[in-house]
Amino acid sequence: MPCLLWVRRSDANESERLREMLFNSGTFLLFFPVVTLVYFLIPRKVRWVWLLVASYYFYMCWEPVYALLMLASTAVTYLSGLVIGHYAGDGKGKPRQERMQKLAVALSFILNLGILCFFKYFDFLADNLCSLLALVGIRLTRPSFSILLPVGISFYTFQALGYTMDVYRGSISVERNFFRYALFVSFFPQLVAGPIERSGNLLRQLRTPTTVNYDRIRKGLMMMLWGYFLKMVISDRAAIIVNYVYGNFERYAGLTIAFATILFAIQIYCDFGGYSAIAIGAAQVLGFDLCQNFRQPYFATSVADFWHRWHISLSTWFRDYLYIPMGGSRRGKWRKWMNVLITFLVSGLWHGANWSYVLWGGLNGGMQIVGEWKELLKNKGKELLTRKGWKEPESAHSFSARLLQTLITFCLICITWVFFRAESAQQGFQILRQMFMRWNPWILFDDTLISIGLNQTELFWLLACIGVLLCVDLLHEKGCRLRESLLRQQFWFRLLIYMLGIFSILLLGVYGPNMDASAFIYFQF
């Protein structure tokens with residue numbers, strides 16, 4: 001079955017390079033066992049050196065020259081940390097020392113964000129500047145050259161800048177070993193698409209040599225197996241329908257587009273959640289604990305709750321290094337809402353150089369503000385009614401009430417996903433118009449759903465595997481720790497589950513015509 005890959009606003013050459021060291025490629029399935037075996041065979045004191053070499057090799061498999069950019073970001077933030085640490089000594093609190101620390105932070109941010117903006121936003125900024133000047137009659141011809149976005153630049157840049165801020169705030173001590181710090185920035189399991197690790201967590205672990213722990217290895221491999229299932233069985237199969245419908249959205253309307261949009265919500269969750277699971281599992285095999293990146297996001301009961309569960313490492317980064325420094329919620333409701341909106345607009349722009357991403361971020365921020373307004377009005381109404389003897393009905397906290405909130409939240413999030421998936425903001429509005437312009441429930445009973453990329457059998461397996469995902473997430477939501485529960489079972493039962501997972505990936509996984517691995521969506525960010 002051909003796998004239709006959606007890599008937005010990128011050329012074919014980039015797509016080919018992305019296949020060099022994907023987690024779901026044969027190259028990585030050879031690379032990772034070799035790295036792990038050597039890691040545990042060599043002396044403990046030099047294991048981090050081996051990981052540094054492996055991490056840079058991993059990154060250079062895409063475009064070797066761009067490793068210099070990562071090295072430059074590493075050097076700038078490392079030196080800024082040394083400067084901040086130097087002036088935080090005996091002279092702490094003196095105006096000159098504080099100015100030097102702030103200068104180091106400012107230079108670190110300017111240089112790193114400057115590199116990021118040039119490679120990621122140059123075309124976007126230049127095109128918009130030309131359009132803006134054209135409105136006042138000024139014709140500007142900009143240089144015509146193609147800039148290839150370095151894989152993972154947004155992720156490792158934010159991780160390195162987080163280190164600068166942590167040192168400035170005194171949250172962590174300065175890392176004086178440049179090469180160990182370079183490993184923190186380049187650690188290959190989470191290098192190109194996160195989770196965006198905090199220096200206080202990962203650097204601390206890199207300083208402590210790890211030993212072979214078979215329990216951790218088993219847990220890590222189970223996590224990786226689950227990630228491969230999410231990516232290759234669910235996400236890549238859902239992508240076929242999503243790409244088919246969104247690529248020809250003018251031909252469809254109503255529930256057909258709604259069905260494809262719901263599948264995109266599943267696709268991006270399984271794609272990015274699958275990557276995160278593989279990254280966390282691979283790190284655990286090597287003896288490192290990475291932060292949780294997803295926590296059953298589609299069980300959220302509000303948009304704000306969704307963003308406490310989705311891409312947690314990025315959400316908390318923006319909270320700690322943008323939202324709180326702007327004042328957070330400390331300066332009144334209106335200032336808080338403005339800070340929320342700015343944070344989500346920046347978050348949207350972080351995802352890509354396109355107004356559709358900015359609109360996507362603005363919608364998520366705006367929905368949270370509306371949600372807070374609703375809660376304020378609701379609470380005031382409760383207070384007035386309570387004074388008159390009114391009692392809130394028990395049904396307000398029932399399962400049905402929570403289910404309704406979850407379904408409404410999911411529908412709202414799906415609407416925002418339209419702009420995330422669309423090629424432009426204008427196209428996003430066109431797709432929404434197509435979705436709501438006609439009511440066609442008969443597609444659920446005719447052959448429409450099996451004529452948009454998958455046949456009846458393939459669609460059945462997709463829906464069945466989504467059911468498995470739903471059950472697993474529901475168990476996690478209820479507090480059941482599945483990996484720990486499985487490890488307590490007898491060997492024959494564990495082996496049966498392992499084989500079932502492996503064969504489901506081999507038999508149901510989606511592969512290209514030449515057994516090509518499909519790129520992860522978040523690699524383009």
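Gln 296 is buried, at a relative accessible area of 9%. In this predicted model, Gln 296 sits in the loop that joins H10 to helix H11 (303-306). The phi angle of Gln 296 is near 45°, a positive value in a residue other than glycine. A second case is His 311, which is not a glycine but has a positive phi of about 45°. His 311 belongs to the loop between H11 and helix H12 (312-323). The relative accessible area of His 311 is 0%, so this residue counts as buried.

Helix H17 was examined for its length and for the way its residues face. H17 has 22 residues, and at 1.5 Å a residue they should span 32 Å. The buried residues of H17 are Leu 459, Leu 462, Cys 465, Ile 466, Leu 469, Val 472 and Asp 473. These residues lie on the same side of H17, because the arc they cover around the axis is only 145°. On the face of H17 turned away from the buried side are the exposed residues Gln 456, Thr 457, Phe 460 and Leu 470.

The cysteines were considered next. The count of disulfides comes to zero, by the rule that the two sulfur atoms must be within 2.5 Å. Cys 465 is in no disulfide, and the nearest cysteine sulfur, which belongs to Cys 270, is 9.5 Å away. Cys 465 has a relative accessibility of 6% and therefore counts as buried. Cys 471, by contrast, is partly exposed, since its relative accessible area is 49% and exposed residues are those over 50%.

The largest pocket has a volume of about 1,600 Å³. Its lining is made up of 49 residues, and those nearest the centre of the pocket are Trp 226, Val 472, His 476, Leu 482 and Arg 483. Five elements are listed as giving two or more residues to this lining: helix H9 (214-247), helix H10 (255-286), helix H17 (456-477), helix H18 (482-487) and helix H19 (491-508). By residue type, the lining of the largest pocket consists of 30 nonpolar, 13 polar and six charged residues.

Notes:
Residues numbered from 1 in each chain as written. Predicted model: local features only at pLDDT ≥ 70, side-chain atom pairs only at ≥ 80, totals over all residues. Heavy atoms only, no water. 1 Å grid on protein atoms, 1.4 Å probe; cavity = no way out; pocket = protein on both sides within 12 Å on 5 of 7 lines; lining within 4 Å. Points joined across faces, edges and corners; volume = space filled by probe spheres on them. Helix = DSSP H or I, 4+ residues; strand = E, 2+ residues; numbered from the N terminus. Nonpolar A, V, L, I, M, F, W, Y, C, P; charged D, E, K, R; others polar. Buried < 20%, exposed > 50% of the residue type's maximum accessible area, 1.4 Å probe, protein only. Expected span 1.5 Å × (residues − 1). Arc of directions from axis to C-beta.
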